[in-house]
Amino acid sequence: MSDSSPSILPGVHSINHFVLSVPDLDEAAHFYTAFGLRVERRDGRIDLYCVGSPHRWGSVHAGAGHKKLQYVSLGIAAEDVAEMAGRIARNGLATEPHPLSDGAGLWLCGPGDMVFQLLVSPKVSPDSKPAAVPRQAAPAGRGEAPSRRQVAQVHPRRLSHLLFFCSDVALMIRFAEDILGLRLSDCSGDVVAFLHGCHGSEHHLLAFAKSSGTGLHHSSWDVGNIDEVGCGAEQMRTAGYKAGWGVGRHVLGSNYFYYVRDPWGSYAEYSHDMDFIPRGTVWRGADNPPEDSLYVWGPDVPAEFFINHEHKTA
């Protein structure tokens, strides 16, 4: 990294929320409740919150067929609206508000028909690297590890990032940089790319992986320490969700992880200790070898991890 500070251009500062449709809302409510989120039911959908927080990070609607990514809502500052609207107009990307939305904000259609909402909203991505939560204290005269019955349920603190499938990673990088105002953190050829916000964010807010088309690969949720990553994995196995990948540590982003497979073939990740890129920092990303796009240590990656279930030919 360099000490020089680039200018801060108008651009996305946060993920506001994501919207999916799935065949069975009861199944979705069970999965996300077991994961440790607060689930609130509305007419025809469930909304996803972190325990103790009023911010809605996701909505899941009832829909026929397989799981489908509907749109992604991204936060921008009020002073950036005119510039962002101009970029959308100049590039012919404007689209109608999504029918599952409230219609607010700017709407655009990106590569692969991905639909985005740009909404004036508070910055909900962190402004500095979040501190780790102290590990659960052990009773006096015992070892440091708690017994299984003493382990508290893991509750994520916030949504960390989203990774999407796409058919053209290079095109998505250009779109994210030129239209959304994000910056490339790291990539691995044309297979995967990670982008951060110039207003200060973790190593990636959004990421894109090559497939035959658009879809959600995973939502990633920040937890307080590595024990919570492992306990979250066990929490989900106990709830019946035994398929996943981890525990391990990534190279790109440096975070510890466990991915649990949801009922529709995508994943929810417990993540801890990701690299943070402060506002104004020049991050010297690189084109990394394929093995570094996955992990430093951890179990072998399941073959199904790379399947895009929203595109049957993926």
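A polar contact here is a pair of N or O atoms within 3.5 Å, where, within protein, one atom must be able to donate a hydrogen and the other to accept it. With that in hand, here are the close-ups, all taken from a predicted model.

View 1. A polar atom of the His250 side chain sits 2.6 Å from the backbone oxygen of Leu294, inside the 3.5 Å limit for a polar contact. His250 belongs to the loop between strand 14 and strand 15. Its relative accessible area is 10%, so His250 is buried.

View 2. With 16% relative accessibility, Ser254 counts as buried.

**View 3. A cis peptide bond at Gly246 to Val247.** The bond running from Gly246 to Val247 is cis, and its omega is near 0 degrees. Val247 itself is part of strand 14, which spans residues 244-249.

**View 4. His203, paired with Asp186.** How far apart are the polar atoms that join the side chains of His203 and Asp186? The polar contact is 2.7 Å. His203 is located in the loop between strand 11 (201-202) and strand 12, and at 0% relative accessibility it counts as buried.

**View 5. Asp273, another residue with a positive phi.** Asp273 isn't a glycine, yet its phi is positive, at about 70 degrees. Find Asp273 in the loop between strand 16 (267-272) and strand 17 (276-277). Buried or exposed, or something in between? Asp273 has a relative accessible area of 26%, so it is partly exposed.

**View 6. Helix 3 and its buried face.** Helix 3 covers residues 169-178, and its buried residues are Val169, Met172, Ile173, Phe175 and Ala176. Looking down the axis of helix 3, these buried residues fall within an arc of 165 degrees, so they line one face of the helix. What do the buried residues of helix 3 pack against? They pack against strand 6 (106-109), strand 7 (115-120) and strand 8 (158-166), as well as strand 9 (182-188), strand 10 (192-197) and strand 12 (206-210). Zoom in on the start of helix 3 and you'll see Asp168, with a side-chain oxygen that reaches to within 3.3 Å of the backbone nitrogen of Ala170.

**View 7. The largest pocket.** This pocket holds about 380 Å³ of space. It is lined by 24 residues, and the closest to its centre are Leu163, Val192, Ser293, Leu294 and Phe305. Strand 8, strand 10, strand 12 and strand 13 (215-222) are the elements that give two or more residues to the lining. By class, the lining of the largest pocket has 14 nonpolar, seven polar and three charged residues. Leu294, one of the residues closest to the pocket centre, is also the residue whose backbone oxygen lies 2.6 Å from a polar side-chain atom of His250.

**View 8. The largest cavity.** How many cavities of 30 Å³ or more are there? The count comes to one. The largest cavity has about 70 Å³ of space. Its lining is made of Ile15, Trp57, Val124, Ser125 and Pro126, with Arg158, Leu159 and Ser160, and then Glu202, His204 and Leu205. Strand 8 gives the largest share of this lining, three residues. Sorted by class, the lining of the largest cavity divides into six nonpolar, three polar and two charged residues.

**View 9. Ala82 on helix 2, with Asp262 for scale.** Ala82 is placed in helix 2, residues 81-90. At 62% relative accessibility, Ala82 counts as exposed. From Ala82 to Asp262 the C-alpha to C-alpha distance is 39 Å, and the two are 180 residues apart in sequence.

Methods:
Residues numbered from 1 in each chain as written. Predicted model: local features only at pLDDT ≥ 70, side-chain atom pairs only at ≥ 80, totals over all residues. Heavy atoms only, no water. Buried < 20%, exposed > 50% of the residue type's maximum accessible area, 1.4 Å probe, protein only. Helix = DSSP H or I, 4+ residues; strand = E, 2+ residues; numbered from the N terminus. Arc of directions from axis to C-beta. Contact = heavy atoms within 4.5 Å. 1 Å grid on protein atoms, 1.4 Å probe; cavity = no way out; pocket = protein on both sides within 12 Å on 5 of 7 lines; lining within 4 Å. Points joined across faces, edges and corners; volume = space filled by probe spheres on them. Nonpolar A, V, L, I, M, F, W, Y, C, P; charged D, E, K, R; others polar.
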